[in-house]
Amino acid sequence: MTEDSWRSPTPTERALVERWAREWNTATGDDVAIHSRLQVRRSCSCGCPTFSARPLAVNPDLAKERPLRVEGTALRSDGTVAAGLIVFALDDNALDFEVYSLDEKPVALEDVTFVYIDDPA
Ligand SMILES: [Zn+2]
C-alpha cells in the first residue's frame, strides 16, 4: 500500500482531532495538545476517510491499550448511525483515526457528527 504524504488537515479533520483530544483528556486526565502545524495523511486506500495525524503526544502510560479507549460513533444528520471511529496510537507521536463504515457506502467526514463514548462495554 502506498501512503499519502503528510499535508495540512481539512477543517473537518482538524475539528475531529480536536474533539477527540478533548474527550481523551477528559476521560484520562491526559494533556494532549493540538499543534498549530498539525499534519494528516490518508492511511487507508479503500476510499474511507481514515487518516493519521501528527504530532499528537499521548501520555504513553495512558495509551498502552490499542485501540485507545475513547471511541466515536458517527451519526448522519437524520440521527442514524453511519460509522464508527477507533483511534490507535502509532509510533512517532502519531495517532490513526480509523473510520469504519457500517454499510456499503463510504462515509464522508463532512456528513457526520461524532459522538464519543468512554469505556465501551
Ligand atoms: Zn479504508
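Author: Two strands pair if DSSP finds at least two bridges between them, where strands (E, at least two residues) and helices (H or I, at least four) are DSSP runs numbered from the N terminus. This is a predicted model, in which local features need pLDDT of at least 70 and side-chain atom pairs count only at pLDDT 80 or more, while totals for chains, interfaces and linings use all residues. Residues are numbered from 1 along each chain as its sequence is written.

Reader: Read along the sequence, what pattern does the protein follow?

Author: The protein contains one helix and six strands. Taken in sequence order, these elements give the pattern α-β-β-β-β-β-β.

Reader: Which residue in β4 stands opposite L75?

Author: Strand β3 (residues 70–75) and strand β4 (residues 81–89) pair in the antiparallel sense over four bridges. The two form a hairpin with five residues between them, and in the turn G79 has a positive phi of about 90°. Across this pairing, the residue of β4 that stands opposite L75 is V81.

Reader: What is the bridge partner of L85 in β5?

Author: β4 also pairs with strand β5 (residues 95–101), again in the antiparallel sense, and here over seven bridges. Their hairpin has five residues between the strands, of which D92 takes a positive phi near 60°. Within β5, the partner that L85 bridges to is V99.

Reader: Which residues of the largest nonpolar core touch the most other members?

Author: A residue is buried if 20 or more other C-beta atoms, placed from the backbone, lie within 10 Å of its own, exposed if 12 or fewer do, and partly exposed in between. A nonpolar core is a set of buried Ala, Val, Leu, Ile, Met, Phe, Trp, Tyr and Cys residues joined through C-beta atoms within 7 Å. Of the 26 residues in the largest one, those that touch the most other members are W20, A53, A74, V87, L95, F97 and V112.

Reader: Which element supplies the largest share of this core?

Author: At least two residues of this core come from each of α1 (11–28), β2 (51–54), β3, β4 and β5. The largest share, five residues, is supplied by α1.

Reader: Which residues does F97 touch, not counting those up to four places away in sequence?

Author: Two residues are in contact if their C-beta atoms, placed from the backbone, lie within 7 Å. With residues up to four places away in sequence left out, F97 touches L16, T50, F51, A53, L85 and V87.

Reader: Within what arc do the buried residues of α1 fall, seen down its axis?

Author: The buried residues of α1 are E13, L16, V17, W20, A21 and W24. They line one face of the helix, because the arc they fall within, seen down the axis of α1 and taken from the directions from that axis to the C-beta atoms, is 135°.

Reader: Which exposed residues does the face of α1 turned away from its buried side carry?

Author: An α-helix has 3.6 residues a turn, so residues three or four places apart point the same way. On α1, the face turned away from the buried side carries the exposed residues P11 and T26.

Reader: Is D103 buried or exposed?

Author: D103 is found in the loop between β5 and β6 (113–118). P49 lies 54 residues from D103 in sequence and 14 Å from it in space, C-alpha to C-alpha. Because 10 other C-beta atoms lie within 10 Å, D103 is exposed.
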